[in-house]
Amino acid sequence: MSAPATVQESPSRAEATTPTLRATARRWRFWLILAAVAVIGLLLVTVASGTGTGSRSPYSITNAAPDGSKAVAEVLRQQGVDVVQADTLPQARAAVDAAPGATLAFADPGGYLTDEQLGDAAELADRVVLFLPGFNELRAFAPGVAAAGAPRDIDGVDAGCSLPAAERAGTIIGGGQSYRAAADGDAQLCFRSSDDAYYVVSTETPNGTTTVLGAADVLSNEGITGAGNAALALGLLGEDDTLVWYVPTADDVVADGPADVASLTPDWVTPVLLLAVFTFLAAAIWRGRRLGALVVENLPVTVRSRETMEGRARLYAKAGAHTHALDSLRIGTITRLSSVLGLPRNASVEEVASSAAAVLPGWSLGDIRAVLVDAMPSGEGDLIALSDRLLLLENAVTSAVRP
Amino acid sequence: MAVTGRYVLLVALGVVPVVILGEAYRQAEITLVLWLLLTVAVGVVDLILAASPRRLVVERVLPHRVRLGETVASEVYLTNENGRTLRALVRDAWQPSAGAAVTRQSLVVPPSERRMLRTALTPFRRGDRRTAGLTVRSFGPLGLWARQATLSSPGRVRVLPPFTSRKHLPSRLARLRELDGATSVQIRGQGTEFDSLREYVRGDDVRSIDWRATARQGDARAGHEQKLMVRTWRPERDRRIVIVIDTGRTQAARIDDEPRIDTSIEASLLLAALATRAGDRVDLIAWDRRIRGRVTGATGGELLNRMVDTMATVDPELLETDWSSVAGQVRAVTNQRALVVLLTTIDTPASSSGLLSVLPQLTQRHTVVVAAVSDPEVLKAVSQRGDRDETYRAASAERSLLDMERVTTAIRRLGGDVVTGSPAALPPMLADRYLALKAAGKL
């Protein structure tokens with residue numbers, strides 16, 4: 001039956017069901033092209049809008065957003081001013097040292113510098129332009145000037161002073177901060193906003209000339225085109241050949257805690273950790289790549305035939321149906337006894353009991369009747385005792401009839 | 001594409017240059033990047049140098065059929081049509097129940113040469129066991145990266161019912177020969193039919209002398225010697241036997257770790273083997289709500305062949321068997337009087353009502369035997385009454401036996417005959433019942 005009849009296939013190259021790289025690429029071509037178009041489009045939009053690079057902080061000359069100052073810097077560069085960006089105090093110092101006589105444009109909206117650092121910054125250059133300084137900056141750079149709050153009316157303010165840049169600008173518009181000078185000082189006060197508050201205050205300090213510029217819109221990309229704003233900005237910042245534009249960043253903050261982990265560990269620790277990640281990835285690919293697809297097999301249902309019997313037994317036990325259970329046991333015993341005793345199938349219980357009593361001298365008829373019919377179990381103990389006696393009776397009859 | 005453990009090791013080895021160069025020249029990051037690029041480059045080169053797993057010729061040599069429990073060898077010949085040596089890990093994707101001893105093997109095939117993969121299959125389930133194809137992972141010479149492809153190469157082995165009950169066949173055949181009488185019987189009676197006329201020899205029963213034939217045979221007046229002729233008889237032959245195997249849901253139940261349907265198949269095979277030797281014609285129907293398998297008009301060795309082939313792929317369905325159409329199916333097989341053997345389940349009166357309702361139609365024309373597997377565990381449970389749970393279980397077992405007894409009585413009352421036995425006992429019991437019926441001339 002299992003004779004080795006064999007299947008011999010004609011020798012031709014087997015067809016591969018795994019798609020080739022080319023086929024996979026062709027299949028996904030539409031989505032690949034779509035993804036490429038999306039990526040290229042995104043890049044183009046980013047480059048075109050110019051928002052992809054550059055700082056996000058105000059007064060930054062790389063920030064092309066409305067509150068940045070890229071426009072001022074670019075115009076200054078076109079006018080031949082060398083605008084140098086400095087992000088930290090050492091950078092600013094190096095830039096000023098490289099071009100003595102440079103103007104320093106300074107703003108610290110983030111408040112990164114300590115008083116000591118502010119003092120150092122104030123000594124950097126002879127000409128300093130402060131953008132919307134706070135209390136700490138004023139104390140370091142221009143002790144004679146104080147903040148006078150944010151004015152309500154800020155539209156079209158005339159210069160009203162003899163500062164050349166302000167005179168050329170004529171009128172400025174926009175919001176910002178106003179400042180007032182100490183009464184005894186010889187500060188030049190321009191663009192009056194209220195009684196003794198001005199948008200521009202130029203004062204002589206031991207370090208040189210410090211100009212406080214309180215009109216924010218003069219510098220921002222958004223507001224520089226209004227009235228004489230541009231003229232004022234160019235006038236104030238473009239006086240020297242070099243402008244050092246110093247806006248402190250987080251790098252200026254001096255760490256004062258204990259030395260961090262990075263400075264204590266060798267340089268190769270991070271690369272080794274990265275290498276461990278790559279090793280893990282390679283191992284995942286090594287172990288995860290399956291050797292072909294899973295094989296599917298329909299398995300037949302498995303049903304244990306005794307389940308109904310076991311289920312019914314548990315049901316009896318749970319319901320405490322000892323009378324019912326004993327009935328089943330008795331009927332089974334009576335059926336077997338009647339066949340052992342050679343009685344007809346329709347023999348009554350009395351007949352079975354009397355026939356059994358006839359072959360069993362040790363058992364009285366009453367006993368047998370009690371076991372087979374009469375005794376009513378009052379609990380599970382009775383059930384077990386009666387079931388044992390049923391077995392005993394059955395064995396006794398069987399051994400008596402068929403010794 | 002796949003990578004190997006060796007490649008993972010190579011990547012991990014990058015820790016040496018990264019630490020050394022990082023310590024000496026503070027160039028750890030660059031070293032890491034360069035090392036990764038190097039491993040990828042070496043891997044790509046390795047991949048390019050690997051033999052293509054697609055340029056292979058696959059020939060499969062497989063036995064068509066195997067009995068359940070036997071072991072066969074599946075042979076696959078791989079011819080390398082690449083210009084390079086193929087170093088590969090090959091997986092033959094057999095279904096789990098095909099019982100493949102090893103599923104993946106390493107192999108080296110030089111260019112234009114052929115190598116064989118041998119897999120021992122020991123299926124542990126009846127039916128068609130299949131393999132979809134070969135998956136070949138071809139490694140490069142450095143063993144870093146590998147190319148992988150699945151080659152379509154379908155294979156199939158039909159796993160036949162084991163027919164373990166054939167061990168009972170010789171003794172039953174001996175009984176059959178006794179019946180048949182190598183010396184043909186001379187007593188006319190039920191279950192015998194006319195065989196031949198032959199000359200009387202001393203010892204023959206004088207009652208079997210056929211006087212008419214004697215008179216025809218010779219004429220004493222013509223000088224011929226007068227010969228006495230006797231009639232001989234032989235057991236009836238060319239009876240019809242229709243075996244109906246129920247493939248409904250009750251046949252899925254396992255008894256002694258064997259589904260009822262397997263026992264039914266065993267019993268039907270033994271009966272068919274015996275009956276076809278006895279000269280009877282056996283037809284088989286596997287039925288639940290439609291015909292799952294059917295063998296008609298085959299005799300001798302072909303009958304068993306076709307029966308195992310047909311029943312190999314039949315599994316119980318989760319359906320209630322439609323007994324009402326069984327009579328029609330039997331009528332479609334034969335119009336003659338036949339022995340109809342119903343291999344099914346006798347459980348409770350409720351679940352057997354379909355069977356009981358169709359029996360009168362069958363017993364009217366045919367001799368009907370209902371054969372069912374009984375659970376020896378139930379019989380054992382009856383006499384185990386150690387504690388409370390066992391007592392309740394014994395009561396429940398008694399109830400099951402009582403139900404079966406009621407169904408059996410009902411079947412007998414409707415004119416059918418019942419054979420029940422444990423999975424091991426049922427096939428010989430059914431064969432014995434067949435022999436008894438044959439001896440009694442009730443076929």
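So, Glu15 of chain A: its bridge partner in strand β9 of chain B is Ser152(B). Keep in mind that this is a predicted model. That bridge belongs to a pairing between β1(A) and β9(B), residues 145-160 of chain B, and the two strands run in the antiparallel sense over two bridges.

Okay, let's step back to the whole contact between the chains. Chain A puts in 58 residues, and chain B puts in 83 residues. Which elements of chain A give two or more residues to the side that touches chain B? You've got β1 (15-16) and β13 (303-304), plus the helices α10 (269-288), α11 (307-319), α12 (322-340) and α15 (380-401). Of these, α10(A) gives the most, with 10 residues.

The crossing of α2(B) past α3(B) is right-handed.

Who's touching whom? On the α2(B) side it's Pro17(B), Val18(B), Leu21(B) and Gly22(B), and they meet Ala28(B), Thr31(B), Leu32(B) and Trp35(B) from α3(B). By class, that contact has six nonpolar residues and two polar ones, with no charged residues.

Conventions. Residues are numbered from 1 along each chain as its sequence is written. Chains are lettered from A and ligands numbered from 1 in the order in which they are written. This is a predicted model: local features need pLDDT of at least 70, side-chain atom pairs count only at pLDDT 80 or more; totals for chains, interfaces and linings use all residues. A crossing is left-handed if the near helix is turned anticlockwise from the far one by less than a right angle, and right-handed if clockwise. Helices (H or I, at least four residues) and strands (E, at least two) are DSSP runs, numbered from the N terminus. Two residues are in contact if their C-beta atoms, placed from the backbone, lie within 7 Å. Ala, Val, Leu, Ile, Met, Phe, Trp, Tyr, Cys and Pro count as nonpolar, Asp, Glu, Lys and Arg as charged, and the others, Gly among them, as polar. Two strands pair if DSSP finds at least two bridges between them.
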